[in-house]
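Hi everyone, thanks for coming. Let's have a look at the model together before I talk you through it.

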Amino acid sequence: MASIVRLIPAAASVVLIFPAVGYAQTNAPEFEPIYASAAVGWADAEDRYLGVKYGDTPLSLQISAGYRYDWNWSVEAAWQTFGDIQANDVRGSGIDRLNIKTSVNSASIRARLWFPISEFFEQERSVVAFVFGGAHATEISRSATEVLSQSQYLEEKTDYGLNFGGGAIVSIGRFNFRGSVERIDLDDTDSSIVSSMIGLEFYF
C-alpha cells in the first residue's frame, strides 16, 4: 500500500497539466465541481505466471472522486478491486499441473475529458459522454500450487502502468447513472484487465 501512496503525488504532477489545454467557458451555467462515484461490474482479466497464460472474469468494484475544473476537464482518483483471478489444473513447466489464484487491487489518478451533449435531449445535462486516461499502481498477490506435490509458491508485487477508458452518464431526475469501460495495462507480465461497470455518480 505504501508504494501506491508514493505514486499519487508523482502521477498528479503529470496529470494536472492536462486541464491547461482545455478552454474555459466563462458564460457556461454553474455546475457542481466535486463528484464521487461507485460502480460494480465484471472484468476480463489476462495474467501470466512462469510462461503460463490464463484468464478469468472476476467481479470488479470501484470508487472514485474528482474535481471538475470546467465543463470539459476534471482530475480524479480511483480505487478498484477485483475478485480472485483463478486458473485450475493448468499445465506449468515440464509435467507440473498448477492451480493459480491472483488478487488485484489498483489505485489510479487520471484526467477526464467531458462531452456534454444535452443539446440533443430535452433535459439539461441529461447525457454526458467522457473519456479518461492516467497512471495506476496495482498491487498483485499471486499464489500457485502444484497439483501433485501441493507445493505452494507466493508472489507479491506492485505494477505501474497506464489505464484509460470511457463511458457515459445518464441523468434521470436526481440520479446520475454511469456506465464505463476501463483498461489497466500490467507492464511486467504484458497482460491487461478490461472491466465493464455500471454505477452511480454524485455531485457536490
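I'll start with how to read the model, then go through its cores and its strand pairing.

This is a predicted model, so local features need pLDDT of at least 70 and side-chain atom pairs count only at pLDDT 80 or more, while totals for chains, interfaces and linings use all residues. Residues are numbered from 1 along each chain as its sequence is written, and side-chain values use heavy atoms, with hydrogens and water left out.

First, the cores. A nonpolar core is a set of buried Ala, Val, Leu, Ile, Met, Phe, Trp, Tyr and Cys residues joined through side-chain atoms within 4.5 Å; buried means under 20% relative accessible area (1.4 Å probe, protein chains only). The largest one here has 17 residues, and Tyr49, Phe82 and Ile193 are among those with the most contacts inside it. Which strand gives the most to this core? That is strand 4, with four residues; strands are DSSP runs of E, at least two residues, numbered from the N terminus.

Now find Phe82. Leaving aside residues up to four places away in sequence, Phe82 touches partners including Ala43, Val104 and Ile193, where contact means heavy atoms within 4.5 Å. There is also a second, separate core of seven residues, including Trp114 and Ile169.

Next, the pairing: two strands pair if DSSP finds at least two bridges between them. Strand 7 (residues 152-172) runs antiparallel to strand 8, joined by 10 bridges, and Ile169 stands opposite Arg178 in strand 8. These two strands form a hairpin with two residues between them. In its turn, Gly173 has a positive phi of about 65 degrees.

How values were computed: Buried < 20%, exposed > 50% of the residue type's maximum accessible area, 1.4 Å probe, protein only.
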